[in-house]
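I opened this notebook to record what I looked up in the structure. The entries follow the order in which I took up each topic.

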Amino acid sequence: MRHRSVEEHPRTVRPHPVDPTSWEQPRSPTRSTPPSSAPCCAGTAGSGAGAPGRYGRWTPPGPGGSGTSLLVPESRAFPDSDDLLGEALDALARSNTPSAREVLVGLAVPSDEIRWWRDIPTGPAGAASWTVEEQLRAAARQMLLAAALATRARAGYYGARHRRPAAASLEHVLVGSAPGGRQLTAFVPVEAGRALAVRLHQALYATREAIDYERATGGMDAFDGAVEAGVSRELTEAVVALVRGTGGARVAVEWAPGAGVPEGCAAPAEAVEFSPGDLPVLRAAGARYLREEPAMPVRVTGTVVRLRRSGPRGEGTVRMQVIAGAEVGHVRMTLDEESYRIAGHAHLVGLPVRVHGRLESRGGFRRLTGASGVVPVQVDEAERDRLMKSLQENLDFFEEACSGED
């Protein structure tokens, strides 16, 4: 793999694989391949024994796969297809080849595969240090989380917004690593995660093209339009984490054979390459996204979970768990004396409050400025009982919060 130096003339910008006008178009429903028919699609097929068109021979990719191959039927229309499929699955289960394990995972859960490669020096016997392995996993998770955030909204900087549901959407993603800490594969289930894989595919290409545009023209304008493809500060930080300390890195998305290629996406999808020379542009883009993401006027409803002020009178700081009005878990705000008193009384009787203000990007959209109009919100009896029970279970915490200790 060849990487450009910072001084090298940038390459010609390739057209994006997705028409920008189709970024917002709904995706058609996908379908999964029955597990019994997937082996012949899951590996590298070659010619082998048997009648042409009836059987194929699967050989593990890479230099270590030349001594192993499996005879698999091209369809289930022949009498011995079930026996051959069973034998192939048994052989895959006994194999120590990483690609064999990947095939088994793909059969268990039809998945799009996202692969990361890092160009790093290998240690003794091809092993990688603990730190190198952790860096790869952390960067890959950052990248998946950035893609999950982009499936919920488009923004140059998310901060704490949408983070909880985005993180929850990664629970079904499976992971497999190769020896040496140089490669990692994530299996994203088609049924639950196809939108995530598509968004990451589009965002990576848009990031690559925006970097090339900046290196060719010196302008950062391409990063503004790339937000619609899913590029954000979170994604640029993930790419920086992936490339930092390496000679370069690549990311590729491979579509599940049974589900087909998503509309508007490249097939096969070429791996997107990043080099150390891209890091200054990525860092500048991330800072630009953070600086230019605007504050948002909101009307937030939530329960007060912490009250703090330096004396018995005057303004104080309130921390509120958000129920509605903002895509964050908690917000902090400074209230004047009267509003602080209302918030404290509402907390004591187990009522949420509603407040107007501006959700500031500085600090990750966790602070509400210009807070005003604090009023208690009436809730039904069941919700009131739940809130009161929560208060009674945390009386010590409330006393500590009101005492002025942070």
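**Helix α6**

I began with the length of helix α6, residues 190-217: at 1.5 Å a residue, its 28 residues should span 40 Å, and the end C-alpha atoms lie 39 Å apart, which agrees. I note here that the model is a predicted one. I then looked up burial along α6 and found that 22 of its 28 residues are buried, so the helix is largely enclosed by the rest of the structure. Just after α6, I noted that G218 adopts a positive phi of about 80°.

**Helix α8**

I next turned to helix α8, residues 233-243, and found it mostly covered, with 10 of its 11 residues buried. Among the buried residues of α8 I listed R233, E234, T236 and L242. Just after α8, G245 takes a positive phi of about 80°.

**Nonpolar cores**

I looked up which residues touch the most other members of the largest nonpolar core, a set of 57 residues, and recorded I114, W116, M143, L144, L200, F223 and L242. I found that helix α4, residues 130-150, gives the most to this core, contributing 11 residues. I then took I114 by itself: leaving out residues up to four places away in sequence, I114 touches L144, L184, T185, A186, V188, L196, L200, V251, A252 and V253. Apart from this core I found another, of 25 residues, which includes V298, M333, F365 and A371.

**The barrel**

I traced 5 strands that close into a barrel in the order β9-β10-β11-β13-β12, with mixed pairing. Neighbouring strands of this sheet are turned against each other by 50° on average, direction ignored. For T317, I identified T334 in β11 as the bridge partner. I also noted that helix α10, residues 337-348, lies across β9, β10, β11, β12 and β13, and runs at about 65° to β9.

**R161**

Is R161 buried or exposed? With the cut-off for burial set at under 20% relative accessible area, R161 counts as buried because its relative accessibility is 9%. I located R161 in the loop between α4 and α5. Setting aside neighbours within four places in sequence, I recorded contacts of R161 with L149, A155, E293, M296, E327, V328 and F365.

Notes:
Residues are numbered from 1 along each chain as its sequence is written. This is a predicted model: local features need pLDDT of at least 70, side-chain atom pairs count only at pLDDT 80 or more; totals for chains, interfaces and linings use all residues. Side-chain values use heavy atoms; hydrogens and water are left out. A nonpolar core is a set of buried Ala, Val, Leu, Ile, Met, Phe, Trp, Tyr and Cys residues joined through side-chain atoms within 4.5 Å. Buried means under 20% relative accessible area, exposed over 50%, partly exposed in between (1.4 Å probe, protein chains only). Helices (H or I, at least four residues) and strands (E, at least two) are DSSP runs, numbered from the N terminus. Contact means heavy atoms within 4.5 Å. Two strands pair if DSSP finds at least two bridges between them. Axes are lines fitted to C-alpha atoms, for helices over the stretch in contact, and angles run from 0 to 180 degrees between N-to-C directions. The expected span of a helix is 1.5 Å times one less than its number of residues.
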